[in-house]
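The structure is shown first.

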Amino acid sequence: MTLNITLMDSTTTVMKKQTASPFFRSVSALALLVSASFSSFVFGQPAEDDYYRMIRFDIPPHINLEAGGIDLMPDGKLAVSTRRGDIFLVDKPFADPPKEVQWTKYAGGLHEVLGIHSVGDWLYTTQRCELTRLKDEDGDGRADLFETVSDGWEISGDYHEYAFGSRPDKDGNQWLVLCLTGSFNSNVPYRGWCVRVTPDGKMIPTCSGIRSPGGIGMNAVGDMFYTDNQGPWNGTCGLKHLRPGSFQGHPGGNGWYNLTGGVIGKRPTEPQSGSRIMTEAKKIPELEPTAVFFPYKKMGQSASGIACDSTGGKFGPFEGQLFVGDQTFSTVMRVYLEKVKGHYQGVCFPFRSGLGSGSLSLKLTDRGLFVGGTNRGWGSRGNKPYALDRLVWTGEVSFEVHEMRAKPDGFELTFTQPVDPETAGDVASYKMQTYTYIYQASYGSPEVDHTEPKITAAEVASDGLSVRLRIDGLQEGHVHELHMGNVRSVKALPLLHNVGYYTLNYIPE
Amino acid sequence: MPAALRLDFRCVRTVSRTRRSLLGGALHVSSTQYRVLSMRCAIVSLATCISLLFATHAPAVQANPLVPGYERFFAEDDAHTANGGALLLGELNCLSCHEALAALSAYVQTKQAPILDNVGQRVRPEFLREYLAAPHKAKPGTTMPDLLASASESERIDKVEALVHFLASTGKLREAAPITPAVTRGETLFHTVGCVACHQPSQVDFAKLSTSVPLPAEMEKKYTLPGLAEFLQNPLHVRPSGRMPHLNLNEAEARDVASYLLRNLEVAGVVEYAYYEGSWQDLPDFSKLEPKSKGKTTSFDVNIGRPDQFGIVFKALFDVAQEGEYTFHIGSDDGSRIRVDGKEVAVVPGVHPVVFKSGKVKLTDGTHEAEVEFFEQGGGQELKVEYEGPGIKRQSLEYALMPPEDKAKDEKKFVVKPELVVKGRALFGSLGCASCHQLRIGNQQIASAVSAKPLTSLDNEKGCLADSPAKVPDFHLSKNQRVALAAAIKSLNSPNLRPARPTDAINATLTAFNCYACHQRGEVGGVERSRNALFNSNQPEMGDEGRIPPHLTGVGAKLKPGWLKQVFDDGAKDRPYMFTRMPRFGSQNVGHLIKSFAEADPPVADHSVATNIGERKVKSAGRKLSGSQGFSCIKCHTWGNVKATGIQSINMVTLTRRLQENWFHHYMLNPQQYRPGTRMPAAWPQGQVLLPNLLDGKALTQVNSIWRFLDDGDKAAMPVGLGANPIVLAAYDEAIIYRNFIEGAGPRAIGVGYPEQVNQAFDANNLRIALLWHGAFIDASKHWLGRGQGFQPPLGDNVLKLPEGVSFAVLENPETSWPTVTAKDLGYRFRGYRLGEARRPAFRYQIGNASVEDELVATSKKEFTSVRRTLTITATEPIDNLWYRAATGNTIAMANGVATIDDSWRVRVTGGKLRKSNGAELLVPVRFVDGKATIVQEYEW
């Protein structure tokens, strides 16, 4: 499948059915203005921007906004923390266009802040070295009290030793994922761990097996997830469920089980390098398989921040789903999760590209998704050294696969709009391959163990909102990469994103 | 004669008349001796023109021995002096036969002939045959005499043949082919690192210089590639007298230069290839395919076919010197395979970027066959074949390739005849070869059977110096050379010979070793104008300073003796911008110069200053002067491995290892006096002080401070302003905080810069002040650009490193030692900080149930201000036996309530008690009143 073919297909479709096309209305005038020739009908191609518009903030020249954390303050200002250790306040975060926005510095001198959230008067701040809460006591708009909540983990002076902090869970605990000392080792306590800190500052070791996180966040029911990046024991980047007591796959930090006093169980046995993650998961009960793989160079190269859509429909049709950033690709991906045999697994789709810098921190509000970016140290497609963008839903619903659910004999796809039964009911409109990754101590993995399952039926539901795919040859433990280039909506639209990657760790019974 | 030439000639004559004595008339023969001539090139080019004019008519002349110093300073008709003769006495190694008094060594620097222990590994017998039969014909300019000049033709042939067989029996030649990339690299090296300071550069249009040390006309007739490469890697091994110095060529460089010099070696077609075309995803079975073409090439060159979809099978012979296990590495884009003697050793399957595979194989010494298969599907193509084994570091197999066996050639191959070896060995002693050449068989050196008259009883017109030498070694001396030698012998034998002066040895040595080819000393020597363009630099904007080796005038007062010795023994590359390398001459050869330079160049006046300013402050001032707040030395001078921001001049960090302190003082005050034409600016023009507020405002104190600062070598803190993009954080009206990895304060450091130009780094791991310093706060660029690895030292000066360890401890009794474990291990907890007035932080931490607030304030706005630390401890229940440690060091002296620690820094604290521990400690008991205690301490440093 190539992009060119898609363009031609859709152009033809659009010409036939332009009156029905919601996006075409918005662009047709422009297309006519630009050129009378038919070649300009590529403007009619559905584009991400038609559904999720990007609003880019102008950052004042004296501010370096390598945005590591974003939250709204109680007074409605937006707080943005930076890798350089500052926290800035934006007074009109929802201004559109964002003109006459005032930027003020709330705090400075902190150590690489990758996570903030406000609770009452306090702003909780995850620094590399500690979890700190900040307060402006004298009301001059600048924090003056910096209280250490926990510094129960160690740092050795290696830049890899990042700490990403979550929002508090339902018990008020803040969770942190702590990168290893580099890619392989854990030189000081709790590198390569997830810990959670209670409101009174007690640190509870929670999971081992972390390699190099890029973000942490909860799903709609409050279970905690983080992203880990391709490297040793991580064939590609992935979204992982931080089930307390679980082992997340990289044994580098397992030496610290001896500090935990057994509160999270015994140290898991060492995984065997060169194996497959589901093979090892069957031997190692603590090993929680990666819930969603982000296939390398297909979906991205460095998964980062996580945001859950709990806007009640104010951000479009994806309530309850997760948005995940990719730093290298400067994108936001979309993830649908389900629980199969007690474990989270699911699918990822492209969602929005073209962010200003390397997407790192995400904050979803009722009025849009803030994406903070940086590309210092690791390059990004977005060419700005740092950026702050807001994605707002235009109110138009894009034609997308809404959910992809595993079934014992295939998958069920639901759609955001009714499908055209002819194309959606034709098995030839779908193409699937599967593969997995080597689970190994050396860096990354190519895709391996490729198979091509046979799609035997595509049954369109009577309401047109779902399609049941019956498939011979589902592969447990494999990514199922599904292309749907020929599926059309009843309005003859192609899918805005016509590929999904389902990580089928478990096949439901 | 054309006018231009006449003009040149006049210039030469004019200069000639003004010559002065170099040896100060020691050898009292001539008062019109030599000096350096900037016109020298004119003479040379004139000579060239003349020789060119006559070249077509003149018969092949057998050249006189060529000694570059002689050619440069003495060869002219009116310069045939005793000095020139003394030089020849050494360079022709006359004294190895004609014994001389040791006292003459200052005048005559003897050059030992090459050591021939393993000459058979290095030099081809065919060359030896030609060379021994007619040395001056086979190598015009050679200093080796013809020992068989008086022999009959048949006798000569017999003796030469025996000598050749004997010499060839000392080793086995190994062959290898020069490959094109190595030839190209070698050509560059040859013309940049310094070879052409003495040898003729190869550019065809470059005038032939009479001062060029001769090489055999066709090098490839003399040397094999491995033999020459080994020689070039350590010339002193074979030629211990250092005339051919050691240029610090590494193994690869030596091979490159050898490849270049032997570029005409006829081993073309060492690799046979068969070329195929087709599209494959993996290596095909080439044996079933029909090659598109076949041929010969010089390397495993995969660029001989079309860009994509082809395959090649290479076959080549290679040679290993030792039996043992060898590892072969084959790397390719796309696939490849190597077989050795028909057996597969490694294979790289598939289509991909370069991937290496390795395999091992046992090989006997001698010749083996490598077969390399390669295929390229698409994209880039690359093939690397490497090997390693006993005595061979991993390198390209191409270096060991041999020409395919050639039966016809093999029949002509030289075979050592044992009966001739015996005869040749006897001749080596009886003819007198052994008088000059060391040759050991086993451990025994062959002795010379030839004896000659001592120097004192030589007749200046007979023997070797006769018009037609008979039954003596024939050196092919020119008339001028004979006259010079006679004059030297006469002078050296004269009862009026004055005792040698240091300058005599210096002049003799710098001439004999051709130091003058690069270095000028006083008026003498320096780069010849005709060679000037051969000296280059990667910093063209530095001008001549960047490309011409430094002059040696006054060098005895400039460089430290230890440094000179190091340069003689190891060579030098302290001027990375200069392409020419200072080679190793060996202190066994030139080490006497250290003493002679010291005697000849009296030290400059002592400018050292005594000051009562503390060492740390002096060094701070030195650092300031070196950095961007001072004279910005770092703008032009490199700092260790850190590049300067402007041109990349000589490394400051090694300065005090190289230079004598007094010389540095004088130089800094007047650079032009010591290095005329230098672009080094005078920071104290005419002694004027531009920064009067620094230290006592005196020039010498300030110069001294730079020396003291630099004397810490690589331990000296980098001056301010280095690095490409510094991000300097500074406190203006309010304090500023920087939490990061700070050198000396740990990974949880909290740096605080105060507006009063004083700073601290608080160690939140151990709840202590780790560093106090003055001036600039910190450069954040290490952590804020790139990924941010490493610890950042303070940017400012006068850094006081406070002792490790926690500040508070409960001591059971006054003898209990201070805990050495961490604050966390003691159960203490860091609690953060509150920003108060001027946003100064008051750190908070918990010691048991006591809360501590720890705030630092500058006591003044003066430079080097002291600071006051206020510790407020509150506890609901007083802690018994809680102590605060105000200071610890090797020594603490108390006077008027001020404690001086290690004669270096001072504190003032109330209620402090001294105790001896592992050194000394100043402890303050924490006394609670109404649940609160306060300790106030001042630091001055």
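In H13(B), the buried residues are B:Glu253, B:Ala254, B:Arg255, B:Asp256, B:Val257, B:Ala258, B:Ser259, B:Tyr260 and B:Leu261. Buried means under 20% relative accessible area, exposed means over 50%, and partly exposed lies in between, with a 1.4 Å probe and protein chains only. Helix H13 spans residues 251–261 of chain B and is mostly covered, with 9 of its 11 residues buried. Helices (H or I, at least four residues) and strands (E, at least two) are DSSP runs, numbered from the N terminus. The cover over the buried residues of H13(B) includes helix H9 (180–192), helix H10 (219–222), helix H11 (225–233) and strand E10 (392–396) of chain B. At the start of H13(B), a side-chain oxygen of B:Asn250 comes to within 3.1 Å of the backbone nitrogen of B:Ala252.

The model is predicted: local features need pLDDT of at least 70, side-chain atom pairs count only at pLDDT 80 or more, and totals for chains, interfaces and linings use all residues. Residues are numbered from 1 along each chain as its sequence is written, chains are lettered from A and ligands numbered from 1 in the order in which they are written, and side-chain values use heavy atoms, with hydrogens and water left out.

**The two chains**

The table lists the totals for each chain. Contact means heavy atoms within 4.5 Å.

| Item | Chain A | Chain B |
|---|---|---|
| Helices and strands | chain A: 5 helices, 32 strands | chain B: 29 helices, 34 strands |
| Buried residues | chain A: 65% of 509 residues | chain B: 54% of 941 residues |

**The contact between the chains**

Chain B contributes 29 residues to the contact and chain A contributes 33 residues. Between them the chains bury about 2,700 Å², of which 41% is on carbon and sulfur atoms. Buried area is the accessible area (1.4 Å probe) that two parts lose on being put together, summed over both. On the chain B side, B:Arg739, B:Arg748 and B:Arg787 lose the most area to chain A, together 28% of what that side buries.

There are 5 salt bridges between chain B and chain A. A salt bridge is a side-chain nitrogen of Lys or Arg within 4 Å of a carboxyl oxygen of Asp or Glu. B:Arg739 makes a salt bridge with A:Glu130, where the closest N and O atoms are 3.1 Å apart.

Strand E17 (736–742), strand E18 (746–754), helix H29 (781–784) and strand E24 (829–835) of chain B each supply at least two residues of the side that touches chain A. E24(B) gives the largest share of that side, 7 residues. By class, the side of chain B that touches chain A has 11 nonpolar, 8 polar and 10 charged residues. Here Ala, Val, Leu, Ile, Met, Phe, Trp, Tyr, Cys and Pro count as nonpolar, Asp, Glu, Lys and Arg as charged, and the others, Gly among them, as polar.

E24(B) also pairs with strand E9 (residues 145–150) of chain A, in the antiparallel sense over 3 bridges. Two strands pair if DSSP finds at least two bridges between them. A:Glu147 has B:Gly832 in E24(B) as its bridge partner.

**Two buried loop residues**

A:Asn229 sits in the loop between strand E15 (224–228) and strand E16 (237–241) of chain A. A:Asn229 is buried, at a relative accessible area of 10%. Its side chain reaches the backbone nitrogen of A:Ala303 at 3.2 Å.

B:Ile446 lies in the loop between strand E13 (444–445) and helix H17 (479–493) of chain B. B:Ile446 is buried too, with a relative accessible area of 11%. Leaving aside neighbours within four places in sequence, the contacts of B:Ile446 include B:Phe166, B:Arg425 and B:Phe428. B:Arg425 is 21 residues away along the chain, and its C-alpha atom is 8.2 Å from that of B:Ile446.

Methods: A polar contact is a pair of N or O atoms within 3.5 Å; within protein, one must be able to donate a hydrogen and the other to accept it, and residues adjacent in sequence count only if both atoms are side-chain atoms.
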